[in-house]
Amino acid sequence: MNTSTKTQNLPPLVPGKFLLGNAIEMGKDPLSFIYQSYVKYGSVFRVKALNRKMTILAGPELEKFMKKGDQKVCPAKEYSDFTNALADSEKSILSMTGKEHLQLRGILTPGFSPMIILNNRAEIIEAVCDQVRKKIQEGNPVKVIGLAQRLVSESLAFMLTGERLPDIHDQMAYLFREALKMYMSKTTPTIFRHNPSYKSARKDVLEFMNRLNDQKWEEYQNGAGDETDLMFRLYEGLKKYPDLLKDDEIAMNALIPFTGGLDTVANTTAFLLYYLLNDSSLLDPIKKEAAHIVDVTQELGLRELKAQETLFCLQMEILRLHPIAGLIKRIAETDFEFGGYTIPKGTELILGTSCTHKMEEFFPNPEKLDIDRHKPPRNEYRQRAFAPYGLGAHKCIGNRISEVTIMFIVAALVDNFEMEIVPKDWKLKVRQIPTLCPTDDFEIKFTEKTKNKQSLKLKHDETI
Ligand code: HEM
């Protein structure tokens, strides 16, 4: 009797296959599955994937809840397991909660100013072109995901080193990918952490992180550096909250731009390139905008960057259609009410933060790529229902950095190279693990534009 009353009070369970539950749908296209279940069952329902049961919260109801009640949920254990796997530190901005999280976020926020990327425009564009040339030499066509990650690393490194990235990218990309598979998507057994390549990559990344922390600390003590430097912000802030982080937890912050930004920005850029290269009505105006963006003789501020409307709106549309982190794992910190049900403390939750991206009421004809929806007067990206960067206290702190980075990378590519998807008729396929992105067979053939070849030759002749 008791059991049946309890069951009736649970949110509906989405029917699934024997033993597998909803594992197939969740593995294939989780956001669409969650949206379809939302339409059928409402803002709260349960799913089962193999032996795990999760409660899903979604829709505009979730957005309202996160505005007020977000302290009732806390980051899932996966977040601290992930950072622990990377750097023996469970405490990171992503895994911390309450007052401590607010303090650390307050300290770090100026270190996420988009000005850091804007002020290094010439260097970033040069780094992007250099990397593409290297990749062309290694073999053409080029695998897009690997290249995009490399370009993003180069750009985000300016948040930390103020200069080009030391030779650590490959180890970092490998380490993050494998750690995500073990601790976030849980698709690789954790025994893999004893694999020699994994251990060696981890050792290299830890050394990089500690070296950078030592170097920054020394510069900070000597009174060097500027106020947007991420590590300087941290040291300065810790004077106010000396107990916030232990010594060995401080160095971990040197990885934040990469843990937060590497996959998210690279995958978004890759999706963007796919649509761009398949549609001349996008490519033609973006060629003009790119020439403007890469012209380093002219000042370029955030407002002007945003005025490069086709590229900006295309980016918003990619974030809407392919939100890389559109589902977020949480645990109920306390009992709370949602959608007419009591969610008990300790419940494993998935927040479908980007489920609203698929709703006709917010984004008419939602499955269609339509950049005009983000132009005035529609400005659909300004609605709260547009949430590619999450909702609540942990909402992305790197969103502006990301937007500028993507625009610089795409502008540098379009202005300097002819690009062609290989084979020409390749159709977009996506993979979900460890993060949502086009499949690895997405390749582009790059040809350097003649103007560059000439100017390179001139430079070469000058040096002779
Ligand atoms: C397309 C690009 C990006 C997307 C889609 C994205 C998405 C997100 C999302 C959904 C969250 C919330 C996670 C949660 O609540 O569990 C988040 C948090 C975060 N992101 Fe991003 N992100 C992007 C780029 C970046 C970049 C470039 C950086 C760093 C430079 C960054 C750093 C962070 C950090 C540090 C947090 C944690 C904030 C906190 O816990 O207070 N992100 N991001």
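## Basis and overall form

The model is predicted, so that local features need pLDDT of at least 70 and side-chain atom pairs count only at pLDDT 80 or more, while totals for chains, interfaces and linings use all residues. Residues are numbered from 1 along each chain as its sequence is written.

The protein holds 19 helices and 12 strands, where helices (H or I, at least four residues) and strands (E, at least two) are DSSP runs numbered from the N terminus. Its C-alpha trace spans about 90 × 55 × 45 Å along the principal axes. The radius of gyration is 23 Å, which agrees with the value near 23 Å that a compact globule of 464 residues would have; this radius is taken over C-alpha atoms, and the globule rule is 2.2 Å times the number of residues to the power 0.38.

Of the 464 residues, 43% are buried, a residue being buried if 20 or more other C-beta atoms lie within 10 Å of its own, exposed if 12 or fewer, and partly exposed in between, with C-beta atoms placed from the backbone. Among contacts between residues at least 6 apart in sequence, 73% join residues at least 24 apart, two residues being in contact if their C-beta atoms, placed from the backbone, lie within 7 Å.

## Strands and their pairing

Two strands count as paired if DSSP finds at least two bridges between them, and the table collects several such pairs.

| Strand pair | Sense | Bridges | Residues standing opposite |
|---|---|---|---|
| β1 (44-49) and β2 (52-58) | antiparallel | 6 bridges | Ala-49 and Arg-52 |
| β2 and β8 | parallel | 4 bridges | Ile-56 and Ile-350 |
| β4 and β12 (443-448) | antiparallel | 2 bridges | Lys-143 and Glu-443 |

β1 and β2 form a hairpin with 2 residues between them, and Leu-50 in the turn has a positive phi of about 55°.

Elsewhere, an open sheet of 3 strands has the order β4-β12-β9, with antiparallel pairing. Because β4 (142-143) and β9 (417-422) stand at the edges, each with a single partner strand, one side of each is left without a neighbour in the sheet.

## Nonpolar cores

A nonpolar core is a set of buried Ala, Val, Leu, Ile, Met, Phe, Trp, Tyr and Cys residues joined through C-beta atoms within 7 Å. The largest such core has 95 residues, of which Val-128, Ala-270 and Phe-408 touch the most other members. A second, separate core of 29 residues includes Phe-45, Val-47, Ala-58 and Ile-328. Leaving aside neighbours within four places in sequence, Phe-408 is in contact with Ile-117, Arg-121, Ile-124, Ile-125, Ser-155 and Ile-293.

## Loops and backbone exceptions

Most residues other than glycine have a negative phi, and most peptide bonds are trans. Leu-19, which is not a glycine, has a positive phi of about 65°; Leu-19 lies in the loop between α1 (2-8) and α2 (23-28) and is exposed, with 9 other C-beta atoms within 10 Å. Leu-50, in the loop between β1 and β2, counts as exposed with 12 C-beta neighbours inside 10 Å.

The peptide bond from Pro-376 to Pro-377 is cis, with omega near 5°, and Pro-377 is placed in the loop between β8 and α18. The bond from Val-422 to Pro-423 is also cis, with omega near -10°, and Pro-423 is found in the loop between β9 and β10 (430-431).

Lys-345, in the loop between β7 (341-343) and β8 (348-352), is exposed, with 11 other C-beta atoms within 10 Å. Lys-345 and Ala-332 are 13 residues apart in sequence, yet 4.9 Å apart in space, C-alpha to C-alpha. Not counting residues up to four places away in sequence, Lys-345 touches Ala-332, Glu-333, Thr-334 and Asp-335.
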